[in-house]
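Please look over the sequence and the structure below. The report that follows covers aromatic contacts, nonpolar cores, backbone features and salt bridges.

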Amino acid sequence: MSFLTLVTVLLISQQPAEDSVKNDFSVNVEIRPRLEFKENYRLSSEETFDPTTFISQRNRLNINNLRKNFNLRVSFQEIHLFLKDGVGSQVGSLNFNELYIEPKIGKHFSALIGRQNFQLDNGRMFSAAPWSQQHRSHEGIRLQYVTRSFRTDFAAFFTRNYGSRFEASYSPVASHKYQYLLVHQLKGTHQQLTYTLINSAELFDKTFSNAKRYATGGRLEYNLKGIYTTLSAFYQYGRNQQNQRVRAYYVQPEVSATLKKFTLRVGAELLSGNPDNVKSGYSNSYEIAYGVAWKFMGNMNFYAKFPADVANKGLFNPYLFLFYRLTKKLQLRLDNHLFYSQYTLAAQAQKYLGYEIDCSVNYKPTTYVDLNYGLSFYDPTSSTLLLKKIRNTTTTPVWSYLMVSFNPTLFSRKK
């Protein structure tokens with residue numbers, strides 16, 4: 001979109017509303033620098049094991065115009081990097097995080113048209129990835145019908161040539177592999193029971209032999225007197241980018257309990273993988289391409305890209321999360337993960353891959369300032385060497401970060 005077009009859209013959005021019952025216009029900025037330190041492990045084959053320290057900063061301008069019959073959302077962002085790859089200062093991305101209009105028809109129906117964040121359920125399958133500086137967005141249309149106890153969504157997204165002037169890894173859209181993505185969600189609540197059904201279809205371009213991959217599944221949630229239980233399951237089928245027939249599954253049970261200031265969550269994830277005798281031309285590896293990983297499988301992101309990060313052998317991840325809210329502004333968190341491959345990575349190798357512990361502190365002194373600090377360690381096994389993410393088992397992989405988010409509202413007008 002050209003600058004002139006953007007200005008025109010903004011001017012139109014500020015014209016007096018025909019219906020003065022609701023016309024909210026606001027402008028806010030976000031400045032989010034994050035210092036990261038990583039040592040003794042790597043996330044991709046291009047990275048080294050050497051200690052790495054760098055700063056990323058997201059600068060964002062958000063404009064919202066909420067009216068009775070439509071909403072307008074403009075979120076422009078610049079991601080800047082300091083000390084990354086030995087470069088003192090460089091632009092990682094200059095982009096729109098979101099740019100959409102939302103016409104409303106009646107009381108319950110609306111359509112989001114344009115670039116938008118897209119998150120369903122708990123974010124495991126489809127997430128806006130809020131931790132990443134660039135977020136994750138999709139382009140297309142999302143139809144929504146929402147009532148107090150029921151909602152249904154249908155989204156149709158597409159990709160195009162976004163160019164290569166800035167790094168694709170810091171773009172909210174450029175990393176998508178699909179040509180078209182279709183997603184349907186059905187969610188409802190009955191007393192203490194909530195159900196969610198999700199179906200998706202990925203259509204790849206001719207580079208991947210016109211492969212089509214589908215997923216179907218959902219989640220059941222039950223909440224009673226501070227005890228929350230849930231079970232999620234998905235089945236993936238069709239053909240992947242390698243033109244293999246996919247027959248894969250994902251399962252996640254979890255129980256959590258809250259007592260005053262203390263919350264405990266215990267659960268596990270299982271992503272299926274390939275046994276040694278997998279049939280030629282088939283794949284049993286479940287791939288999560290648009291969901292968030294660190295929220296479930298550790299802040300260090302050892303296992304974030306499936307199935308590559310586990311060599312197509314599947315992953316079992318029991319976890320225990322502990323939260324303690326000292327005050328309304330200060331919260332402590334401790335995450336514990338055990339990692340096992342579903343099938344052995346090599347002959348005589350053990351399935352146990354290691355243990356990760358994530359410690360974090362969140363402090364929110366004001367409504368527009370948010371401070372986060374985290375420190376993570378990984379205790380690897382000899383099997384982890386086969387994944388080539390560590391150099392040896394005698395050194396401890398470490399990751400730490402310090403992030404500050406400033407998010408003040410500069411202007412707000414309501415009618």
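## Backbone features

A residue is called exposed when its relative accessible area is over 50%. Lysine 388 has 59% relative accessibility, so lysine 388 counts as exposed. The model is predicted.

Lysine 388 sits in the loop between E18 and E19. Its phi is positive, about 60°, although lysine 388 is not a glycine. Lysine 260 is another non-glycine residue with a positive phi, here about 55°. Lysine 260 belongs to the loop between E12 and strand E13 (262–271). Its relative accessibility is 80%, so lysine 260 counts as exposed. Most residues other than glycine have a negative phi, and most peptide bonds are trans. Phenylalanine 306 and proline 307 are joined by a cis peptide bond, with omega about 5°. Proline 307 is found in the loop between H2 and E15.

## Aromatic pairs

The structure holds 23 aromatic pairs. Take phenylalanine 126 and tyrosine 290: their ring centres are 6.2 Å apart and their planes lie at 5°, so this pair is stacked. The two residues come from distant parts of the chain, 164 residues apart. Phenylalanine 126 is in the loop between strand E5 (109–117) and strand E6 (137–146). Tyrosine 290 is in the loop between strand E14 (282–283) and helix H2 (294–297). Phenylalanine 126 and tyrosine 290 are both buried.

Phenylalanine 302 and tyrosine 378 form a stacked pair too, at 4.2 Å centre to centre and 15° between the planes. This pair also links distant parts of the chain, 76 residues apart. Phenylalanine 302 is in the loop between H2 and strand E15 (315–325), while tyrosine 378 is in strand E18 (residues 369–380). Phenylalanine 302 has 0% relative accessibility, so phenylalanine 302 counts as buried. Tyrosine 378 has 1%, so tyrosine 378 counts as buried as well.

## Aromatic cluster and charges over rings

Which residues form one aromatic cluster? They are Tyr41, Phe302, Tyr303, Phe339 and Tyr378. Tyrosine 41 has lysine 38 over its face, at 5.2 Å from the ring centre. Tryptophan 131 has arginine 34 over its face, at 3.9 Å from the ring centre.

## Nonpolar cores and a surface patch

The largest nonpolar core has 39 residues. Within this core, Phe126, Tyr286, Met297, Tyr303, Leu315 and Leu353 touch the most other members. Which elements give two or more residues to this core? They are strand E7 (150–158), strand E8 (180–190), strand E12 (245–259), H2 and strand E19 (398–406).

A nonpolar patch lies on the surface. Its members are Leu35, Phe262, Tyr324, Leu326, Leu332, Val361, Tyr373 and Leu402. Together they have about 630 Å² of accessible area. Valine 361 is placed in strand E17 (residues 352–366). Its relative accessibility is 34%, so valine 361 counts as partly exposed.

## Salt bridges

The structure holds 16 salt bridges. In one of them, glutamate 139 meets arginine 160, with the closest N and O atoms 2.9 Å apart. The bridge links distant parts of the chain, 21 residues apart. Glutamate 139 is in strand E6, and arginine 160 is in the loop between E7 and E8. Glutamate 139 is buried, because its relative accessible area is 8%. Arginine 160 is partly exposed, because its relative accessible area is 47%.

Aspartate 153 and arginine 142 form another salt bridge, and their closest N and O atoms are 2.8 Å apart. Aspartate 153 lies in strand E7 and arginine 142 in strand E6, 11 residues apart. Aspartate 153 and arginine 142 are both buried. The side chains of aspartate 335 and arginine 333 also meet in a salt bridge, at 2.8 Å from N to O. Aspartate 335 counts as buried, because its relative accessibility is 3%. Arginine 333 is partly exposed, because its relative accessible area is 22%. Finally, a network of salt bridges links Glu30, Arg58 and Arg60.

How values were computed
Residues are numbered from 1 along each chain as its sequence is written. This is a predicted model: local features need pLDDT of at least 70, side-chain atom pairs count only at pLDDT 80 or more; totals for chains, interfaces and linings use all residues. Side-chain values use heavy atoms; hydrogens and water are left out. Rings of Phe, Tyr and Trp (its six-membered ring) pair if their centres lie within 6.5 Å; planes under 30 degrees apart count as stacked, over 60 as edge-to-face and the rest as tilted. Helices (H or I, at least four residues) and strands (E, at least two) are DSSP runs, numbered from the N terminus. Buried means under 20% relative accessible area, exposed over 50%, partly exposed in between (1.4 Å probe, protein chains only). A charge sits over a ring if NZ of Lys or CZ of Arg is within 6 Å of the ring centre and within 35 degrees of the ring normal. A nonpolar core is a set of buried Ala, Val, Leu, Ile, Met, Phe, Trp, Tyr and Cys residues joined through side-chain atoms within 4.5 Å. Patches are made of residues with over 30% relative accessible area and no salt bridge: like charges are joined within 9 Å, nonpolar side chains (Val, Leu, Ile, Met, Phe, Trp, Tyr) within 5 Å. Accessible areas come from the Shrake-Rupley method with a 1.4 Å probe; for residues, only the protein chains shown count as cover. A salt bridge is a side-chain nitrogen of Lys or Arg within 4 Å of a carboxyl oxygen of Asp or Glu.
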